[in-house]
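Please read this report with the model open beside it. Each heading covers one part of the chain or its surroundings.

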Amino acid sequence: MKRLVLACCLVLPLFLAAPASAIDAAAADALVRKSKCMTCHHKVKEKDGPPFAETAAKYRDKPEAIDKLTKHVTVPSKVKVDGEEEDHETLRTDDPAAVRNVVEWILSL
Ligand code: HEC
């Protein structure tokens, strides 16, 4: 029993020390692929939509970044691609934490 208590005392602080919202890049990457975002976006290359790294640079120091991008990736909108109006895809999930993870991931690129 003493050993167990000791183990808890040693291990628990490691979990508590981890940042509360560490970005899960693999999950974010999987969700944007599943949501077809990558047909128009790339992390760093120019496609029909701006590279995510460019969006990150544009919003990095803006306090409204999270709100604006969350709206952009969850509320359907129209974008112009080669002069034609197209539907802007939204993330295919109902989980706000998964959306937040993608937004923070984009901002980290
Ligand atoms: C049909 C092509 C297309 C698809 C699919 C698409 N996008 Fe976009 N996206 C665009 C274009 C074009 C813009 C630029 C719009 C503008 O600046 O008005 C854009 C802009 C953005 C921006 C920058 C917004 C800003 O305010 O600067 C983000 C972030 C983004 N898209 C994320 C996503 C995500 C996440 C998905 C998948 C759920 C997605 N896009 C799917 C074409 C697309």
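The sections below go from the whole chain to its parts.

## Basis of the report

This is a predicted model, in which local features need pLDDT of at least 70 and side-chain atom pairs count only at pLDDT 80 or more, while totals for chains, interfaces and linings use all residues. Residues are numbered from 1 along each chain as its sequence is written.

## The chain as a whole

The protein chain has five helices and two strands. Helices (H or I, at least four residues) and strands (E, at least two) are DSSP runs, numbered from the N terminus. Their order from the N terminus is α-α-α-α-β-β-α.

The protein chain has 109 residues, and 13% of them count as buried. A residue is buried if 20 or more other C-beta atoms lie within 10 Å of its own, exposed if 12 or fewer, and partly exposed in between; the C-beta atoms are placed from the backbone. Among contacts in the chain with a separation of 6 or more, 57% are between residues 24 or more positions apart. Two residues are in contact if their C-beta atoms, placed from the backbone, lie within 7 Å.

## The two strands

Strand β1 (residues 77-81) and β2 run antiparallel and are joined by five bridges. Two strands pair if DSSP finds at least two bridges between them. Within this pair, Ser-77 stands opposite His-88 in β2. The two strands form a hairpin, with two residues between them.

How many residues of β1 are buried? The number is zero out of five, so β1 lies largely in the open. Strand β2 (residues 84-88) is hardly covered either: the count of buried residues among its five is also zero.

## Two residues with positive phi

Asp-82 is in the loop between β1 and β2. Its phi is near 50 degrees, a positive value in a residue other than glycine. Asp-82 counts as exposed because it has 6 C-beta neighbours inside 10 Å.

Lys-36 lies in the loop between α2 (25-34) and α3. Phi of Lys-36 is near 65 degrees, again positive in a residue other than glycine. Lys-36 has 11 C-beta neighbours inside 10 Å, so this residue counts as exposed.

## Helices α4 and α5

The axes of helix α4 (residues 65-74) and helix α5 (residues 96-108) come within 10 Å and cross at roughly 120 degrees. Axes are lines fitted to C-alpha atoms, for helices over the stretch in contact, and angles run from 0 to 180 degrees between N-to-C directions. The crossing of α4 and α5 is right-handed. A crossing is left-handed if the near helix is turned anticlockwise from the far one by less than a right angle, and right-handed if clockwise.

On the α4 side, the contact is made by Ala-65, Ile-66, Leu-69, Thr-70, Val-73 and Thr-74. On the α5 side, Val-99, Val-102, Val-103, Ile-106 and Leu-107 take part. By class, this contact has nine nonpolar, two polar and no charged residues. Ala, Val, Leu, Ile, Met, Phe, Trp, Tyr, Cys and Pro count as nonpolar, Asp, Glu, Lys and Arg as charged, and the others, Gly among them, as polar.

## Two residues of α5

Ala-98 lies in helix α5. Ala-98 counts as partly exposed because it has 17 C-beta neighbours inside 10 Å. Not counting residues up to four places away in sequence, Ala-98 touches Ala-27, Leu-31 and Thr-93. Ala-98 and Asp-24 are 74 residues apart in sequence, and their C-alpha atoms are 9.2 Å apart in space.

Ser-108 is also placed in helix α5. With 13 C-beta neighbours inside 10 Å, Ser-108 counts as partly exposed. Leaving aside neighbours within four places in sequence, Ser-108 is in contact with Ile-23 and Ala-56. The C-alpha atoms of Ser-108 and Ala-57 are separated by 9.0 Å, and these residues are 51 apart along the chain.

## Around the ligand

Which residues are closest to the ligand? They are Cys-37, Cys-40, Gly-49, Val-79 and Glu-89, out of 24 residues that surround the ligand. A residue is near a molecule or strand if its C-beta atom, placed from the backbone, lies within 6 Å of it.

The elements that give two or more residues to this shell are α3 (52-59), α4, β1 and β2. Helix α4 gives the most, with four residues. By class, the shell divides into ten nonpolar, eight polar and six charged residues.
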